[in-house]
Amino acid sequence: MKTLLKNGTIVNASGSRRADVLICGEKIKVIGEHLESENANIVDCTGKLLFPGFIDAHTHFDLDVCNTTTADDFYTGGRAALKGGTTMVIDFACPNKGESLQYGLDLWHKKADGRTACDYSFHMTIDDWNESIRAEIPKMFEQGVTSFKMYLTYPAMMIGDGEMFQALQELRKYGGITGVHCENAGVIDALIAEHKAAGKLGPENHPRCRPDVLEAEAVGRLLKMACVADVPVVIVHLTCDASLKEVEAARARGQRVYVETCPQYLLLDERRYSLPDFEGAKYVCAPPLRTPYDQARLWKALRDGEIDTISTDHCSFTLKQKDAGRDDFTKIPGGVPGVETRGELIYTYGVAEGRITKEQMAKYLSENPAKLYGAYPRKGAILEGSDADIVIYNPEGEKTVRAKDLIANVDYNPYEGFRIAGGIEQVYLRGRLAVENGRVLEDKGGVFIPRGLSDLK
Ligand code: MN
């Protein structure tokens with residue numbers, strides 16, 4: 001099957017050009033001017049932008065947390081992602097303490113295989129550390145899992161500084177890359193106990209118990225551990241200026257540090273937690289939303305290249321699920337939806353409003369995550385030989401985010417009422433037209449993408 005995308009503007013991280021793209025089967029065969037091809041389905045892309053399929057390197061589909069399960073599984077989450085231009089997600093396989101990494105990986109394959117609309121891959125969560133887990137690490141690489149996740153908060157997930165240091169040293173041997181959730185667990189728990197004892201139980205107390213400096217403390221501690229272990233690390237969902245200062249200090253020491261942020265930290269702020277009638281629960285996630293000052297700082301960091309990727313931390317719960325914490329904010333399941341809206345939001349508030357360039361958008365949503373997580377150049381760029389994962393974006397027109405128009409399995413959206421500039425018209429997944437004008441045409445066409453080693457300079 002051949003498709004010829006004519007006269008669009010190809011947007012890669014390295015630059016943009018007006019050219020045609022000939023897709024043969026699953027791959028991009030030729031990029032050039034005035035291409036002709038017999039028997040190709042010709043698509044006129046005049047006036048449209050062609051982005052490389054977006055990669056969301058931080059999703060939680062079908063995850064058990066807070067005595068419930070995320071509203072989106074790989075079926076609903078994968079469809080929502082693809083509709084939003086995301087042709088590949090990297091979710092977190094998450095064994096419980098006492099379970100093997102292999103058990104966790106097999107379980108995540110069971111959740112995703114054969115029922116996901118977009119391509120997918122898995123990071124492996126290390127929330128337990130012993131000799132048998134150490135011995136499993138090389139087996140993960142053999143199965144295409146080359147990135148890992150560790151936690152400096154949440155007792156169920158933490159392994160402690162000493163063990164984390166040992167795990168980082170072990171992963172270094174294989175060239176593994178590790179993302180870490182950075183918040184100081186002990187002080188947060190003490191603040192939560194203090195607030196509860198004082199009868200402060202509403203969602204507005206959530207950010208008060210998780211201040212920015214406690215995120216920055218953990219970022220700084222991690223980066224010092226990584227310095228001694230001599231290994232690059234990823235700060236996932238970085239939210240604030242205080243944490244960026246720790247990153248700057250580590251980079252000044254000569255460390256390689258990668259930074260991810262998310263749309264919620266760029267577009268929403270902590271005042272949302274004080275909305276009446278428990279509405280603040282919609283925005284409960286960790287780390288929490290920060291101040292408008294932090295938002296501006298994150299945009300500046302994107303403009304200056306201090307941040308490497310924008311992923312979503314999609315972890316969705318319905319309002320009914322959020323209601324479990326109506327009388328106690330610590331029981332509100334933490335997380336917000338994001339996969340379906342990331343591309344159009346970043347285009348609108350990043351590119352169209354002049355905060356970043358369209359090439360930077362391709363870098364943060366496609367090329368950098370592909371390189372950082374070992375999927376480049378198969379994914380992450382519109383290049384000859386790459387998978388034909390292409391988002392056709394029409395910059396003209398305007399629409400508004402409405403939860404009722406979205407297909408993720410959530411009955412609200414944190415960006416309700418946000419204006420969108422233009423919009424995604426078509427999405428190609430490995431050469432097949434998979435989304436057209438908001439309609440997902442291929443429900444279960446995604447495949448597992450085994451990844452190589454991290455290679456982001
Ligand atoms: Mn997460």
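Predicted model: local features only at pLDDT ≥ 70, side-chain atom pairs only at ≥ 80, totals over all residues.
**Cavities, pockets and the domain boundary**

Let me begin with the lining of the second largest cavity, which is made up of P52, G53, I55, T87, R378, K379, G380, A381, S386, D387 and D389. Residues are numbered from 1 along each chain as its sequence is written, and side-chain values use heavy atoms, with hydrogens and water left out.

A word on terms before I go on. On a 1 Å grid over the protein atoms alone, a cavity is a set of points where a 1.4 Å probe fits but cannot get out, a pocket is an open set with protein on both sides within 12 Å along at least five of seven lines, and lining residues have an atom within 4 Å of a point. Points are joined across faces, edges and corners, and a volume is the space filled by probe spheres set on them.

By this rule there are 2 cavities of 30 Å³ or more. The second largest cavity, where I started, has a volume of about 50 Å³, and its lining divides into 3 nonpolar, 4 polar and 4 charged residues. For these classes, Ala, Val, Leu, Ile, Met, Phe, Trp, Tyr, Cys and Pro count as nonpolar, Asp, Glu, Lys and Arg as charged, and the others, Gly among them, as polar.

The largest cavity holds about 60 Å³ of space, and its lining residues include H314, E340, L406 and Y412. By class, the lining of the largest cavity has 7 nonpolar, 4 polar and 1 charged.

The protein chain is divided into domain 1 and domain 2, with bounds that come from an automatic or database domain assignment. Their C-alpha centres lie 27 Å apart. The contact, meaning heavy atoms within 4.5 Å, takes 39 residues from domain 1 and 44 residues from domain 2. Between them the two domains bury about 3,700 Å², 66% of it on carbon and sulfur atoms; buried area here is the accessible area (1.4 Å probe) that two parts lose on being put together, summed over both.

Domain 1 and domain 2 have 3 salt bridges between them, a salt bridge being a side-chain nitrogen of Lys or Arg within 4 Å of a carboxyl oxygen of Asp or Glu. The side chains of D119 and R430 form a salt bridge, at 2.7 Å from N to O. Over the whole structure, the search finds 42 salt bridges. In another pair, R79 and D443, the closest N and O atoms are 2.7 Å apart. This pair links distant parts of the chain, since R79 sits in helix α1 (residues 74-83) and D443 in the segment after β19 (439-440), 364 residues apart. Helices (H or I, at least four residues) and strands (E, at least two) are DSSP runs, numbered from the N terminus.

Now to the open spaces. The largest pocket has about 1,000 Å³ of space, and of the 45 residues that line it, D64, V65, C66, Y154 and M157 lie nearest its centre. Its lining takes at least two residues from each of β7 (64-65), α2 (101-112), β11 (147-151) and α5 (185-197), and it divides into 24 nonpolar, 12 polar and 9 charged residues.

The second largest pocket has about 320 Å³ of space. Among its 19 lining residues, the closest to its centre are K83, E344, K399, L406 and G438. Which strand gives the most to this lining? That is β17, with 5 residues. The lining of the second largest pocket has 5 nonpolar, 7 polar and 7 charged residues, and at least three residues come from each of domain 1 and domain 2.

Finally, some backbone details. Most residues other than glycine have a negative phi, and most peptide bonds are trans. In this model, the peptide bond from A286 to P287 is cis, with omega near -5°, and P287 lies in the loop between α9 (263-267) and α10 (292-304). The peptide bond from Y376 to P377 is cis as well, with omega near 5°, and P377 is placed in the loop between α13 (358-372) and β16. N39, in the loop between β3 (27-32) and β4 (41-44), has a positive phi, near 65°.
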